[in-house]
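Here is a protein chain to look at. The questions below start with the whole and move to single residues.

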Amino acid sequence: MPNQPALRNPATRLERSALFVPASRYDMIEKAARSAADAVVIDLEDAVAPGEKEQARSNLVRALREIDFGPRLRIYRINGLHSPFAYRDLIEVVEAVGDRVDLVMVPKVQGPEDLHFVDLLLTQIELYRGQERPIGIEAQIESPRGFLYAREIAAATPRLECLIYGPGDYAATLRAPLASIGERDSYDELYPGHRWHAVMHTIVAAARAHGLRCIDGPFAGLNAPEALEQASRTARALGFDGKQCIHPAQLQSVNQIFSPLPTEVAWAEAVVQAYEEAVDQGRGSSNFRGNMMIDAANVRMAQVVLEQQQKIRHRTQAE
């Protein structure tokens, strides 16, 4: 394969919130491009009826040509590779506006071979266009096979930037009852633990092992802000970078939860400073504020907070 320019480091992209909009609704794409979302995901898959796929691609191409998305990531989701639409989703859109696409989201990824196909086709189109900037990939893990092959999927291609948990399709393919996507239900109350912990933790671990971002799936309840907040905090506690959103009203809460609190930033700055002073004095650890020992591991945790805050600051300045 011909040499390509290096892809942008996935860790440098801010993606606390990814707002989904149907590619068939140009007006909704326009609104999403002015929203508080870090990323806009223009959907050609579930949100578009089979008979509207071609027109939706045309809308998508027009939107990417004409709309200013500002600092928001420009992502579009293709149809599943098992469908008769996926290859046209890639060819028609990338040939027309590949230079305006940041990432392609691939749904229902079953194994690394799925991403090999998308990678090769994108490479061919980019070579045809003479496009120097490679397009990144986000992969949705939405099935038992995807769960079991998460490690291999995460290592499939240098284009891959992000792993995403798809709770609805995952529950369906697992044949596990689920009343509403992303929400707790009576079955969660029966189970003595977090029902989806295994797959969610696996996605985070596989992503981190390969320097990727990881995003939690959507929350279907539009009138349950407290439950959305709980789901978002659970995802953040597990290590996710952000969450998919299906309505602009969800963005403020999600962005806030996946941002460090001012107290967390202040703590991180103080930890780094205290450790640097200890190192200057020839010590590898320090008594921090009289009640906590800090060492290099504490500094690594603090640096995660400061790096996230820096990305948020850059995002705000770019608006």
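What follows is a set of questions and answers on this predicted model.

Q: What radius of gyration does the protein chain have, against that of a compact globule?
A: The chain has 319 residues, and a compact globule with that number would come near 20 Å. The C-alpha atoms fill a box of roughly 65 × 50 × 35 Å along the principal axes. The radius of gyration of the chain agrees with the globule value: 20 Å.

Q: Among contacts between residues at least 6 apart in sequence, what share joins residues at least 24 apart?
A: Of the 319 residues, 50% count as buried. Among the contacts in question, the share that joins residues at least 24 apart is 73%.

Q: Which residues have the most contacts inside the largest nonpolar core?
A: In soluble globular proteins, nonpolar side chains tend to be buried together. Here the largest nonpolar core has 70 residues. A second, separate core has twelve residues, among them Val 272, Tyr 275, Phe 288 and Ala 302. In the largest core, the residues with the most contacts are Ile 42, Tyr 76, Leu 115, Leu 163 and Phe 240.

Q: What is Phe 240 in contact with, leaving aside its neighbours within four places in sequence?
A: Phe 240 is one of the residues with the most contacts inside the largest core. Its partners include Arg 208 and Asp 216. Also among them are Tyr 165, Met 200, Ile 203, Val 204, Cys 214, Ile 215, Ala 235 and Phe 258.

Q: Which residue of E5 is the bridge partner of Leu 103?
A: Strand E4 (residues 103-106) pairs with E5 in the parallel sense over four bridges. The chain gets from E4 to E5 through helix H4 (residues 112-129), in a right-handed β-α-β crossover. In E5, the partner of Leu 103 is Gly 136.

Q: Which residue of E6 stands opposite Gln 140?
A: E5 also pairs with strand E6 (residues 160-165), in the parallel sense and over five bridges. Six of the six residues of E6 are buried, so E6 is largely enclosed by the rest of the structure. The residue opposite Gln 140 is Ile 164.

Q: Which residue of E7 is the bridge partner of Ile 164?
A: E6 pairs with strand E7 (residues 213-216) in the parallel sense, over three bridges. In E7, its bridge partner is Ile 215.

Q: Is Arg 175 buried or exposed?
A: Arg 175 follows H7 and is found in the loop between H7 and helix H8 (186-190). Its phi is near 60°, a positive value in a residue other than glycine. Most residues other than glycine have a negative phi. At 78% relative accessibility, Arg 175 counts as exposed.

Q: How does Lys 108 count at 22% relative accessibility?
A: Lys 108 lies in the loop between E4 and H4. It has a positive phi of about 50° although it is not a glycine. The cut-offs are under 20% for buried and over 50% for exposed. Lys 108 therefore counts as partly exposed.

Q: Is Gln 250 buried or exposed?
A: Gln 250 is found in the loop between strand E8 (242-245) and helix H11 (251-257). Beyond its sequence neighbours, Gln 250 is in contact with residues including Phe 219, Leu 228 and Cys 245. At 4% relative accessibility, Gln 250 counts as buried.

Note on methods:
Residues numbered from 1 in each chain as written. Predicted model: local features only at pLDDT ≥ 70, side-chain atom pairs only at ≥ 80, totals over all residues. Heavy atoms only, no water. Core = buried A, V, L, I, M, F, W, Y, C linked by side-chain atoms within 4.5 Å. Buried < 20%, exposed > 50% of the residue type's maximum accessible area, 1.4 Å probe, protein only. Contact = heavy atoms within 4.5 Å. Pairing = 2+ DSSP bridges. Helix = DSSP H or I, 4+ residues; strand = E, 2+ residues; numbered from the N terminus. Right-handed = clockwise from strand over helix to strand, strands pointing away. Rg over C-alpha atoms; globule rule 2.2 N^0.38 Å.
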